[in-house]
Amino acid sequence: MSSHNHNHVHTIADDIKDKTFQDVSLCYQCGKCSAGCPVRYYMDVAPNKVVRLIQLGFYEEALKSTTPWLCAGCLTCTSRCPQEFDLAKFMDAVREIAIEKGVDVKSKDILKFHKAFLHQIQHHGRAYEVGLVAEYKMMTMHLFADVDSSPGMLLKGKLKVLPHNIKDKESVRKIFKKTAKK
Amino acid sequence: MKIGVFICHCGENIGRTVDCPRVAKACEMLPGVEVSIDYKYMCSDPGQNLIKKEIIDKKLDAIVVGSCSPHMHEKTFRKAAVAAGINPFLVEISNLREHCSWVHDDIELATEKAIGLVRMSVEKVKRNQPLTTIEVPITKRTLVIGGGIAGIQAALDVANAGYEVVLVEKEPSIGGHMSQLSETFPTLDCSQCILTPRMVEVYQHPKIKMMTYSEVDKVEGFIGNFTVTIRNKARHIDESKCTGCGECITKCPIKKKAYNSFEENLAYRPAVYVPFPQAVPNIPVIDETVCTHYKNGKCGICVKVCGREAIDFDQQDRIVTEEVGAIIMATGYKLYNIDKKPDDSIYKGYGEYGYGKYKDVVDGLQFERIASASGPTEGEFKRPSDSKEPKKIVFIQCVGSRDESKGFSYCSKICCMYTAKHAMLYKHKVHDGEAYVFYMDIRSGGKMYDEFVRRAIEEDGVKYIRGRVSKITEEDGKYIVKGEDTLAGMPITIEADMVVLATAMVAQPDASALAQTVGIPYDKHGFFNEAHPKLRPIESTTGGVFLAGACQSPKDIPESVAMASAAAAKAMVLFGSDKLEREPVVAKVLADLCAGCFACRKVCPYGAVEIRDVITRDGIVIKQIAYVNEGLCQGCGTCTATCPSKSIELAGFNNEEIFAQIAAL
Amino acid sequence: MKVGYFPGCSQTGTAREYDLSLRKVIEKLGTSFDEVKDWSCCGATSAHVTNHKLANALAMRNVMLAEQQGLDDLVAPCAACYNRLVSSQHEVKQHPEIKAEVESILETKFQKDVKVMNLIELFMKIGTEKITENRKRELKNLKVACYYGCLLVRPAEITKFDDAEQPTSMEMLVELTGAKTVDWNSKVECCGAAHSIARRDIVIDLSKKILDDAKRHGANLMVVACPMCHTNLDMRQTIMKREFPEYKEFPVLYLTELLGLALGMDEKELGIDLHTVKFKYNELAAETAAV
């Protein structure tokens, strides 16, 4: 991606560079990240392969993969990469771009979970677990999952039935507004 | 004074941006200039003949050549001047290329600048003194620091040409890392079999003075005239009496306190020891740190059994000085250690591979000792933890190499080859064993090298997996190696019995200190710097010091041997003449003006400023002044710039000359 | 001694006992908390995963509040909150354009550095001598597997705390209680983290591997310093029991609960009875001694 070329078209690889402050050409495909990734077995495209797809310009394949969604953010890859390429940050960027571009994401449940989670923060300022689970169940229709743990949690006082609202809710709502994706 | 000005077009290099004919015309007008001409290629034969003709015809006293950098052709033009009868130091070069045409675009301004530059040189040359080159004698002896294969080769080459060599080796025996190897690639020759004859040749050579268990303490002097101070460390054995019978070693009761570094810490050695049976010289050393005698004065068994009374507990280090003309650095390398490093180290060690806590995760040299017939397992493949034969070995390449985050950015060059060799040696002995190699690339660029690696894969069934290993953990005596095959795009986990890491080749830990002692530059990794990476890979930037082997950069044995012979040749080039010519650009103290503050002495990087007493006729010292040793002075000019009373002048660049240049601007 | 306190959302909910035991322990050690007033979500988990700007802004809002409150340091007992806060601080420091962006979103200007600590750093700051001085009982017959998880130690350049591959700081604290620690292979392996709800199968797989590894290395107890890890490793054992009939339960404690026991408090006081997997020190110690 030459920045000296004045006719340069801004690509997704450039988007990623803007977001992560590092160029994908750093990766020399050694595979150490994929070798140490704890969720590697669940991914359809190996983590290093996602980087390879971006390097080669196969953006759609990269953005459609389940890989960034299954990423647990454990940072094992980032801490072991010999080129000091922050792969976790790269995955963050791929995820964000997938959302921005409205890509038909395969891991729909995971995205819905995050949406539900953020909804709670936006409204209450803090995570309100009952609300989160309720909203998530509504979005995904997985009505009976985790039902086993809820009564126990309620009895132990671990689930607050009513949400706690922070005083300055407005400041958090403002943050959401200012950082909303167009 | 009649001066000739010669402006070179340098083809298009100068001519494209500087209007050379105009410059030549303008310079005709300068006071003192007798003739001013331009020509396309001044450095060529016709160009030089042109200069010589003008000097003779016009009876010129001095010349100014407007051309490329003096680095390129100052010598050429000085030779031409001498041929025509002028002193070579009455030649000034005006750099119209690097300082003018190559850095500007505007023709008008560049030409004006060129005229100015030539004017400056004309004014300077008017004040130049006709200097004579300094002749310095040459000591035709060579010091070789390091007794590994490179040092041995260099020493033999120089000695066989008839010149004396002093070979200094810090270990008790010469041989270096090559003596630790089991077999060498690509021929699978037994390493010691091809090395030990050379070691003996060095030992017996009439022209080689071999000093083992010794280190270089100080180096003074300059090319052709070095004075080296060498410390012969105390072995506590009288070398003149010892026959190498080995009785002391056999009878020494301290058997398990010290690790044998030759065996890469896989075996112990007694307090009195030789590093390996074929050591040259075969004279033991007493390790004071573990020997009982030095703790409480007791024991002394070795004294009792020595038939020659060669044990000398009170022996002291011996300091000797040697005069040499050339120095060859052949100090070799060490392997990167994956152990945990201190917090302030820039290298981190490999925590994901266990920080060295797993006994069966070994490095390349340790594996060599295991494979070696004279090693701690006598050539049988037995793993360090329980001496069982490993049925599955994983080899991991690029540990510490090509790794900015934990190690070094460079490639260590030899690991791909020696890993293939290791896998092959293992498969040759353990037929039902499985060998896996995790690699990133295969770098096998030598003669018959790639074929060697293919042999490992195609004939010996070694499985190569393209990808790096993320983590090694131990479970019940097995090593779980988690890697990835990027070619198949799948994770690979292997339960290995043993893991061999191809760790990076790094500079010796004391390399930078030694470089400072000798006075040569080194890079950020501790490797010694060559004068030019392409065209002068054997010489260091310090005159008279040459580089051989892995101390300059990672390389294999054939390259080290070639480089050693090349370094020997360079030394012999030096010895080809009887006298060394040095540029007379040296500093000189104006004795009447010097106040004796010795600021110059403090700043001189070469230690060339001495203290001289000024005495009356009755022998009373009235003051002390500075004096520059012309032999050591390199003409850097630091003292000249420092002197607060302007009492030092640099020949060829004295104050008058410089001020004239400035005034001419 | 007073230390700034950022509880994080779990402390008031699913990790109630963590908050409880933490407050009780520091009180016994002569320290008190100055809680960040009106703190909000730190931006970890979902914000961090879907909107980087939002994550930075949410995290730095709390750092801003801490600064305004005059706090010099801040302890975040949840490893995810801790990591989010220090990562955002790091990014703001490294990239002036990010700093400007965050300051504009929050309508503030950052003046000073607030030091964000994790739980272990808090105890280092309080001082190990304080723990030794106040220890009321020696926790014998405990063989503890210290589980660090991912976010306490990685990435090493940002957390600048302990070794990222073979850490030992938690072991040091645990051994002050008299318990022994074991050397095991999954100290920094991931438990599955926030996949707990949407991809429970991943969490079961990863967390069970960790528990099995601890058992294999002879541990009879696991100690953690992160509420997400605790949920995955403790609460999810119910499902592990269901899916794997031969599975045996394994107690998981918060570091603060273990310290609390050593400082003389009992399981009920510390909230240990709120765990899914039951733990009673006397019973476990007796069982181990009998073997």
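Two residues are in contact if their C-beta atoms, placed from the backbone, lie within 7 Å. The legends below describe close-up views of a predicted model.

**View 1. Domain 1 and domain 2 of chain C meet through contacts between 23 residues of domain 1 and 26 residues of domain 2.** Helix 1 (16-28) and helix 4 (79-94) of chain C are the elements that give two or more residues to the side of domain 1 that touches domain 2. Helix 1 of chain C gives the most to this side, with nine residues. Sorted by class, the side of domain 1 of chain C that touches domain 2 of chain C holds eleven nonpolar, eight polar and four charged residues. The domain assignment of chain C places domain 1 at 2-119 and domain 2 at 135-290. Between the C-alpha centres of domain 1 and domain 2 of chain C the distance is 24 Å.

**View 2. An open sheet of chain B is formed by five strands in the order 20-27-21-22-23, with parallel pairing.** Strand 20 (361-363) and strand 23 of chain B are the edge strands, and each pairs on one side only. From one strand to the next, the twist averages 25°. Helix 12 (residues 415-429) of chain B packs on the sheet and touches strand 21 (392-399), strand 22 and strand 27 (498-503) of chain B. The direction of helix 12 makes about 175° with that of strand 21 of chain B.

**View 3. Strand 22 (residues 434-439) and strand 23 (residues 463-466) of chain B run parallel and are joined by four bridges.** Strands of a sheet pair through backbone hydrogen bonds, in either a parallel or an antiparallel manner. B:Tyr436 has B:Lys463 of strand 23 as its bridge partner. For B:Tyr439, the bridge partner in strand 23 of chain B is B:Arg466.

**View 4. A right-handed β-α-β unit of chain B is made by strand 22, helix 13 (residues 449-458) and strand 23.** Strand 22 and strand 23 of this unit run parallel. Strand 23 of chain B is also an edge strand of the sheet.

**View 5. Chain B meets chain A through 17 residues of chain B in contact with 16 residues of chain A.** Strand 24 (469-475) and strand 25 (478-485) of chain B each supply at least two residues of the side of chain B that touches chain A. By class, this side of chain B has three nonpolar, six polar and eight charged residues.

How values were computed
Residues numbered from 1 in each chain as written. Chains lettered and ligands numbered in written order. Predicted model: local features only at pLDDT ≥ 70, side-chain atom pairs only at ≥ 80, totals over all residues. Pairing = 2+ DSSP bridges. Right-handed = clockwise from strand over helix to strand, strands pointing away. Nonpolar A, V, L, I, M, F, W, Y, C, P; charged D, E, K, R; others polar. Axes fitted to C-alpha atoms, helices over the stretch in contact; angles between N-to-C directions. Domains from an automatic or database assignment.
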